[in-house]
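Subject: A structure for you, with notes

Hi,

Here is the structure I promised to pass on.

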Amino acid sequence: MNESVITVAMPKGRIFGDACRLLRDAGFDLPATFESTRKLILDLASEPFRFILAKPVDVPTYVEYGAADIGIAGKDVLLESGRDVYEMVDLGISKCHMAVAGLPGHSRNHPFLKIATKYPNIASDFYRRRGEQVDLIALNGSIELAPLVGLADAIVDIVSTGQTLRENGLVEIEKLMDVSSRLIVNPVSYRLKKPVIDGIVEKMIRATEGTKVGMD
Ligand code: PRP
């Protein structure tokens, strides 16, 4: 862990654009090519900040192990990973929710036998709390396919615009929780670099509230 540089783990993909906008609003001088480059490590010219671009699901891992001091991760990914990181700020970006969905005709009380999901830990916790025994089928994507081809009775997945459900003839049955992106911090980094990280947290909070700020 380099003590003079702050390494930020960024989630590539869907959240990336929102995260970049927020960082610019917080005063980070991200280069114009930031969103289009295929490079995985980017150093800011003006300040001692290094950005690493990871798969969203891996961001908590980079932060827990200290390969990154801070990171931006969805609440869904954070909960599912159970990684030992500090969750410092609800950034209020990339809002969506997690829900149970299935083919029309399933009621809330229908006993689902097989549930397909990218979130086996969250889904398992949800059904355990309800005292329902289900068979969880872990998939890596295109979860909506599972009930269409008889692999599962229902799914637990993220709903954003609802387009994927609609276009595949599925309906939302029950909402589990709201999801948004969070600023996470490695506990050791926080101890070693507290003043700098507190400064970043402060600027991110102000950017989240819609106030443009400049980096000191
Ligand atoms: C996510 C999620 C849903 C979809 C929901 O998948 O798992 O499939 O987005 O978005 P919508 O409500 O706006 O249609 P993602 O696109 O991340 O890809 P994946 O299927 O590979 O998980």
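What follows is a short tour, from the whole chain down to single residues.

First, the ground rules. This is a predicted model, in which local features need pLDDT of at least 70, side-chain atom pairs count only at pLDDT 80 or more, and totals for chains, interfaces and linings use all residues. Residues are numbered from 1 along each chain as its sequence is written, and side-chain values use heavy atoms, with hydrogens and water left out.

**The chain as a whole**

The secondary structure comes to 8 helices and 11 strands; these are DSSP runs numbered from the N terminus, helices being H or I with at least four residues and strands E with at least two. Along the principal axes, the C-alpha atoms fill a box of roughly 55 × 30 × 30 Å. Of the 216 residues, 45% count as buried, where buried means under 20% relative accessible area, exposed over 50% and partly exposed in between, with a 1.4 Å probe and protein chains only.

Taking contacts (heavy atoms within 4.5 Å) between residues at least 6 apart in sequence, 68% join residues at least 24 apart. The chain exposes about 11,200 Å², and carbon and sulfur atoms supply 49% of that area; the method is Shrake-Rupley with a 1.4 Å probe.

On charge, there are 26 positive and 29 negative side chains, and the centres of the two sets lie 2 Å apart. Lys and Arg count as positive and Asp and Glu as negative, while His and the chain ends are not counted. Each charge is placed at NZ of Lys, CZ of Arg, CG of Asp or CD of Glu.

**Pocket and cavities**

Both come from a 1 Å grid over the protein atoms alone: a cavity is a set of points where a 1.4 Å probe fits but cannot get out, a pocket is an open set with protein on both sides within 12 Å along at least five of seven lines, and lining residues have an atom within 4 Å of a point. Points are joined across faces, edges and corners, and a volume is the space filled by probe spheres set on them.

The largest pocket has a volume of about 960 Å³. Of the 36 residues that line this pocket, the closest to its centre are Arg14, Asp76, Lys118, Tyr119 and Ile158. Helix α3 (75-81) gives the most to the lining, with 4 residues, and β9 (154-159) and α6 (163-167) each supply at least two.

There are 2 cavities of 30 Å³ or more.

**Single residues**

Thr7 sits in strand β1 (residues 6-11) and is buried, at 12% relative accessible area. Beyond its neighbours within four places in sequence, Thr7 is in contact with Arg50, Ile52, Ala67, Ala68, Asp69 and Ile70.

Val201, in helix α8 (residues 194-208), is buried at 10% relative accessibility. Not counting residues up to four places away in sequence, Val201 touches Met88, Val89 and Leu183.

Most residues other than glycine have a negative phi. Ser94, in the loop between β5 (86-90) and β6 (96-102), has a positive phi near 55°. Ser142 has a positive phi near 45°; this serine lies in the loop between β8 (135-138) and α5 (145-148) and is exposed, at 57% relative accessibility.

Best wishes
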